Amino acid sequence: MVRIASYGVFGNPIVHSLSPVIHSVFARQTHQSIIYRAIKVPETSFAAAVKNFANEGGLGANVTLPFKQQAFDLTDQLTERAKLAGAVNTLSVRNGMVLGDNTDGAGLCWDLQRCLGSLTGSCVLLIGAGGAARGAVGALFAAGVSQIIITNRTFAKAQQLAQSFSRQGSIHAVPLNQTSELAPDIVINSTSSSLFKELPGISTHALAKALLCYDMFYQKDLTCFLGWAQSHNADLKVADGLGMLLAQAAESFFIWRGVKPDLLPVMTDIREGL
Ligand code: NDP
């Protein structure tokens, strides 16, 4: 009997995950025969769930909240970008070993490049200092960004993040109330503020010279952060994190199947389904 290649996404909650839809679209587009399912795991059973999945022949899985850190701790081998991010969003099972990677930063950079072309020499204002920000920094430097300024509601976390990446490139932390002096090319909101329909608290002056304002949160319509940004700089390009979500998924798909899906034709369909 030929067994269909099995993949999935671990999370809790997981019911709203777009990953099963996205990966089935990728599989159709690239003529791959796979199954991909959402796997809800109790918070204390992640390691057992991964072991069962591998024992049952599972070949790879995405990992979402709240398990990215646990995935980092349990893998047998980590890629350099997963080590830098301190978190794993992609597991691959090979010869009984579980390999951990992190494709979030690559997904973000793919989408920024889609919006702007090259990122080389850019200055980025990164708002937020949680897991998404940590996954972004190494990839931004690898994509040619020359300076990153981090700001966050809890300033100490921004300082810690800047400190931990200080050997990767030019990076420093600035309090939210001192962002009026900044003139970044790209502003990225990596906080959860838009989920709560709140603004992350940067000065409008920081938008004056920016080319792109990016919100990692995504929804069908413009997020409140992007609407606010556009109302203060009409020339600004804006984009939300749907492209990042698709591109990180495509990078995982490539790791597992060795073929890269074409994202542009599927973006509109996926947004309409939100
Ligand atoms: P974390 O919980 O690790 O970090 C949350 C961050 O948001 C912290 O910096 C926190 O600040 C800040 N924050 C939360 N609420 C507010 C608020 N009301 N005002 C200002 N700052 C706030 O979450 P993640 O880093 O994992 O995720 C952050 C966002 O990125 C989410 O919206 C998530 O959906 C999105 N994301 C999108 C992805 C994509 O593919 N598009 C991938 C990964 C994440 P403090 O430190 O002060 O608490």
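## About the model

What you see is a predicted model, where local features need pLDDT of at least 70 and side-chain atom pairs count only at pLDDT 80 or more, while totals for chains, interfaces and linings use all residues. Residues are numbered from 1 along each chain as its sequence is written, and side-chain values use heavy atoms, leaving out hydrogens and water.

Let's start with β10, which covers residues 186–189; strands here are DSSP runs (E) of at least two residues and helices are runs (H or I) of at least four, numbered from the N terminus. I186 and I188 point one way, V187 and N189 the other, and all are buried (under 20% relative accessible area, with a 1.4 Å probe and protein chains only).

β10 pairs with β7 (residues 123–127) in the parallel sense over four bridges; pairing takes at least two DSSP bridges between two strands. Here L125 sits opposite V187. β10 also pairs with β11 (residues 212–215), again parallel and over four bridges, and L212 in β11 is the bridge partner of I186.

## Around the ligand

Polar contacts are pairs of N or O atoms within 3.5 Å. A backbone N or O atom of A132 is 2.8 Å from a ligand oxygen atom, and a side-chain N or O atom of K157 is 2.9 Å from a ligand oxygen atom.

Notes:
Buried < 20%, exposed > 50% of the residue type's maximum accessible area, 1.4 Å probe, protein only. Polar contact = N/O pair within 3.5 Å; in protein donor to acceptor, adjacent residues only side chain to side chain.
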